[in-house]
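My entries follow in the order I made them.

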Amino acid sequence: MKLLPLILAILAGIFTTIEASINAQLGKYITPAVATLHSLLLGVLLMLLVSAFTGELGQYSRLVYVRPVWLLGGIFGALIIFFSSKAIP
């Protein structure tokens, strides 16, 4: 078994928990919807920077060729953040 995928999976679980708590606290001061948008916008900026530094920005042009159902993950991610922000406080 490779160690890196296991470590990344554990970190994803930890970060999911931390993100939910942070967004819940932010949602108390603004609204859960705005907290969700803020979280997603910062995520977009981070991933654009990562893509720019790794030379993968050109990969975004390939999105027009994938099955549309594969693009729904972002909707589920947004709903997870929003529902967590609403439920945790």
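A crossing counts as right-handed if the near helix is turned clockwise from the far one by less than a right angle, and as left-handed if anticlockwise. I needed this first, as H2 passes H3 in a right-handed crossing. I note that the model is predicted.

**Entry 1: H2 and H3.** I looked up the axes of H2 and H3, which come within 9 Å and cross at roughly 135°. Angles over 145 degrees would count as roughly antiparallel, and 65 to 115 as roughly perpendicular. H2 and H3 are therefore oblique to each other. For the contact, I listed Pro32, Ala33, Thr36, Ser39 and Leu40 on the H2 side. Facing them in H3 are Ala78, Ile81, Phe82, Ser85 and Lys86. I sorted the residues of this contact by class and got 6 nonpolar, 3 polar and 1 charged.

**Entry 2: H1 and H2.** I took helix H1 as residues 3-29 and helix H2 as residues 32-54. Their axes lie 8 Å apart, and the packing angle is about 130°. That angle makes H1 oblique to H2. The crossing of H1 past H2 is right-handed. Which residues meet here, I asked, between H1 and H2? From H1 I found Glu19, Asn23, Leu26 and Gly27, and from H2 Pro32, Ala35, His38 and Ser39. The class count for the contact of H1 with H2 is 3 nonpolar, 4 polar and 1 charged.

**Entry 3: H1 and H3.** I read an angle of about 60° for H1 and H3, with their axes 8 Å apart. That makes H1 oblique to H3. I recorded a right-handed crossing for H1 and H3. In H1, the contact uses Glu19, Ala20, Asn23 and Ala24; in H3, Ile81, Ser84 and Ser85. By class I have 3 nonpolar, 3 polar and 1 charged residues in the contact of H1 with H3.

Entry 4: I went back over the contact lists.

**Entry 5: the largest pocket.** I noted a volume of about 520 Å³ for the largest pocket. It is lined by 17 residues, and those closest to its centre are Ser39, Leu40, Leu42, Gly43 and Val44. Which helix gives the most to the lining of the largest pocket? I found that H2 does, with 9 residues. H1, H2 and helix H3 (73-87) each supply at least two residues of the lining. By class I wrote down 9 nonpolar, 7 polar and 1 charged residues for the lining.

Note on methods: Residues numbered from 1 in each chain as written. Predicted model: local features only at pLDDT ≥ 70, side-chain atom pairs only at ≥ 80, totals over all residues. Heavy atoms only, no water. Axes fitted to C-alpha atoms, helices over the stretch in contact; angles between N-to-C directions. Helix = DSSP H or I, 4+ residues; strand = E, 2+ residues; numbered from the N terminus. Parallel < 35°, antiparallel > 145°, perpendicular 65-115°, else oblique. Contact = heavy atoms within 4.5 Å. Nonpolar A, V, L, I, M, F, W, Y, C, P; charged D, E, K, R; others polar. 1 Å grid on protein atoms, 1.4 Å probe; cavity = no way out; pocket = protein on both sides within 12 Å on 5 of 7 lines; lining within 4 Å. Points joined across faces, edges and corners; volume = space filled by probe spheres on them.
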